[in-house]
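Open the model in your viewer and switch to a cartoon view. Have the selection tool ready. Each stop below says what to pick and what is there.

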Amino acid sequence: MIAKITRGARAGDIAAYLHGPGKANEHTYTIGNVRRSGGVVIGGNLGREGHTDGASWAADLREAAGTRPDISKPIWQVSLRAAPGDRRLSDEQWRDAATIMAERMGYEEHPWAMVRHGDDHVHIVVSRVSDTGQVWHARQDFRAAQSAATALEKHLGLVQAPRQKAPGRIRSSQKTITENQQHAAAQLSERRAADRAEFLELKKFADMSFPTPPQPGRGPKNPRTRQPPEATPWIREQRPERGFER
């Protein structure tokens, strides 16, 4: 069982899409052995089973969501698709699966409808706001939906589909990790070189402003004799402190 989640602001938009032909005329349903374009409601808690138009259930969700205009994306939708090669589930089995999903996810008391497309998948659309204004925050919904999908596979005896990774949490490859480490090392090297150049520049200005005093016997040579001038002897003051000279 494969679960995919989306959120939106307007129930009418998702209803029109689910009951429309789809992007590539992939939305179909069968009634009386006749294949039709669009989707059909097969479950939920709104009593809209058999409806092939989403206007009525979208109005129910819109009314509930309207009690909390501060909720920016009050419409939550999950598609459930059987894994390739799995058997065809009946409407009753899909309703059973949807009830388990609602209980495990925590929105069973909120308005929701289930629309079927073809033989292998359904869509469940939920108002995150209940009729009394209570909000289902759907925290960690991706992880909870993956866990619920695993429970549905065991309950219905379906093939276990590979679980998806949460968006933005895909583990980096070893190549990516190595590249990141090399980039960080290069940045550190550049920063150290810049710091060293700045230090040398500051030191140059410091040497110009505060030159080192000449040492005895190391002054400039007499231009005539080419010999260094006689150094003036230093005199130690008679002070108690030792080691200080002038």
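**Stop 1: H3 against H4**

Select residues 91-105, helix H3, and residues 141-156, helix H4. This is a predicted model. The two helices pack with their axes 10 Å apart, at an angle of about 140 degrees. How do H3 and H4 lie to each other, oblique or roughly antiparallel? Roughly antiparallel would need an angle over 145 degrees. H3 and H4 are therefore oblique. The crossing of H3 past H4 is right-handed.

Now show side chains at the contact. On the H3 side, pick Gln 93, Asp 96, Ala 97, Ile 100, Met 101, Arg 104 and Met 105. Their counterparts in H4 are Asp 141, Ala 144, Ala 145, Ser 147, Ala 148, Ala 151, Leu 152, His 155 and Leu 156. Colour this contact by residue class: ten residues are nonpolar, three polar and three charged.

**Stop 2: the sheet**

Hide the side chains and turn to the strands. Five strands form an open sheet, in the order S1-S5-S7-S6-S4. The pairing is antiparallel. Which strands are at the edges? Select 2-8 for S1 and 40-44 for S4; each of these pairs on one side only. From one strand to the next, the twist averages 25 degrees.

Zoom in on S4 and its neighbour S6, residues 112-117. These two run antiparallel and are joined by four bridges.

Bring H3 back into view. H3 packs on this sheet, touching S4, S5 (75-81), S6 and S7 (121-127). The direction of H3 makes about 140 degrees with that of S6.

**Stop 3: H1 against H2**

Select residues 11-18 for helix H1 and 55-65 for helix H2. Their axes come within 9 Å and cross at roughly 160 degrees. H1 and H2 are therefore roughly antiparallel, because angles over 145 degrees count as such. H1 passes H2 in a right-handed crossing.

Show the side chains here too. What does H1 bring to the contact? Pick Ala 11, Gly 12, Ile 14, Ala 15 and Leu 18. Across from them in H2 are Trp 57, Ala 58, Leu 61 and Arg 62. By class, the contact of H1 with H2 divides into seven nonpolar residues, one polar and one charged.

Definitions and conventions
Residues are numbered from 1 along each chain as its sequence is written. This is a predicted model: local features need pLDDT of at least 70, side-chain atom pairs count only at pLDDT 80 or more; totals for chains, interfaces and linings use all residues. Side-chain values use heavy atoms; hydrogens and water are left out. Axes are lines fitted to C-alpha atoms, for helices over the stretch in contact, and angles run from 0 to 180 degrees between N-to-C directions. Angles under 35 degrees count as roughly parallel, over 145 as roughly antiparallel, 65 to 115 as roughly perpendicular and the rest as oblique. A crossing is left-handed if the near helix is turned anticlockwise from the far one by less than a right angle, and right-handed if clockwise. Contact means heavy atoms within 4.5 Å. Ala, Val, Leu, Ile, Met, Phe, Trp, Tyr, Cys and Pro count as nonpolar, Asp, Glu, Lys and Arg as charged, and the others, Gly among them, as polar. Two strands pair if DSSP finds at least two bridges between them.
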